[in-house]
Amino acid sequence: MSDELVPDPSQMRASDDDREKVARVLQQAHGEGRLDLHELDERLGAVYAAKTYGELAPLTSDLGMGLPATTLPSPVGQHLPASRIGGTPGATTSIAFWSGVDRKGDWVVPANHTVVAIMGGVVLDLSKARFESAETVINIFAFWGGVEIFVPEDVTVRVDGAGIMGAFDDTTHKTPTVPGGPVVRITGVAIMAGVDVRRPKRKKVKGSKNPELEG
């Protein structure tokens with residue numbers, strides 16, 4: 001049996017904009033006399049406390065004016081691991097001094113991982129990785145070196161590193177992130193060096209129009 005599944009859309013995280021849409025539906029229902037003021041206040045409180053689409057849907061289901069089905073996001077085409085969290089963490093450092101380090105495959109990323117690239121290169125591929133905790137910090141020091149980090153769509157990435165005659169380049173925003181997964185914060189400093197954060201490499205599968213993740 002496969003250990004991969006498509007996430008339940010009802011369990012996906014709702015955004016502030018999603019909550020505001022539901023609030024507007026409830027306010028309209030109050031204006032039409034479908035809800036009294038007490039019910040409106042009660043449901044608005046539930047709206048702003050809701051974290052998932054599944055918690056929002058019941059708040060309008062009895063009004064005859066519920067949110068359209070398109071409000072729930074469709075899962076992305078790729079299959080996602082049943083769980084990204086847990087396992088025995090691997091090395092807490094990746095150090096390349098006039099050399100290279102390449103971490104990929106099924107490895108467990110510790111809650112804090114330090115990368116040092118001095119006139120060397122480091123590649124961290126998180127495509128098939130698991131994570132010790134729901135939030136991970138990757139702290140980078142790069143000097144005359146390069147760091148590449150591949151982050152799949154079901155991992156939320158936040159990049160706030162600083163470049164000194166260098167740069168942190170994040171291109172993951174070009175494709176949507178599936179909410180509810182692990183969070184990886186990438187920080188540190190790149191001095192005359194480059195840090196590239198991108199989606200995993202893809203390859204064309206023969207007979208298919210859609211690219212697949214390299215395995």
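**Stacked rings and parallel strands in a predicted chain**

Both F97 and W98 are exposed (exposed, over 50% relative accessible area; buried, under 20%; partly exposed, in between; 1.4 Å probe, protein chains only). The model is predicted: local features need pLDDT of at least 70, side-chain atom pairs count only at pLDDT 80 or more, and totals for chains, interfaces and linings use all residues. Residues are numbered from 1 along each chain as its sequence is written, and side-chain values use heavy atoms, with hydrogens and water left out.

A search of the whole structure finds 2 aromatic pairs. The ring centres of F97 and W98 lie 6.4 Å apart and the planes meet at 25°, so this pair is stacked. In F143 and W144 the centres are 5.9 Å apart and the planes are at 10°, so this pair is stacked as well. Rings of Phe, Tyr and Trp (its six-membered ring) pair if their centres lie within 6.5 Å; planes under 30 degrees apart count as stacked, over 60 as edge-to-face and the rest as tilted. F143 has 27% relative accessibility and therefore counts as partly exposed. W144, at 51%, counts as exposed.

The protein chain has 3 helices and 17 strands. Helices (H or I, at least four residues) and strands (E, at least two) are DSSP runs, numbered from the N terminus. Of the 215 residues in the protein chain, 35% are buried. The chain exposes about 12,000 Å², and carbon and sulfur atoms supply 54% of that area (Shrake-Rupley method, 1.4 Å probe; for residues, only the protein chains shown count as cover). Among contacts between residues at least 6 apart in sequence, 66% join residues at least 24 apart; contact means heavy atoms within 4.5 Å.

F97 belongs to strand 3 (residues 93-97), where the side chains alternate. S94 and A96 point to one face and are buried. Strand 3 runs parallel to strand 6 (residues 112-118), and 5 bridges join them. Two strands pair if DSSP finds at least two bridges between them. Opposite F97 stands I118 in strand 6.

An open sheet of 5 strands has the order 4-7-10-15-13, with parallel pairing. Its edge strands are strand 4 (100-103) and strand 13 (167-170), each pairing on one side only. The twist averages 5° from one strand to the next (axes are lines fitted to C-alpha atoms, for helices over the stretch in contact; angles run from 0 to 180 degrees between N-to-C directions). Within this order, strand 10 (residues 146-150) and strand 15 (residues 194-198) pair in the parallel sense over 5 bridges. I149 stands opposite V197 in strand 15.

T172 lies in the loop between strand 13 and strand 14 (183-191). Neighbours within four places in sequence aside, T172 is in contact with V151, V157, V197, R198 and R199. T136 is found in strand 9 (residues 135-143).
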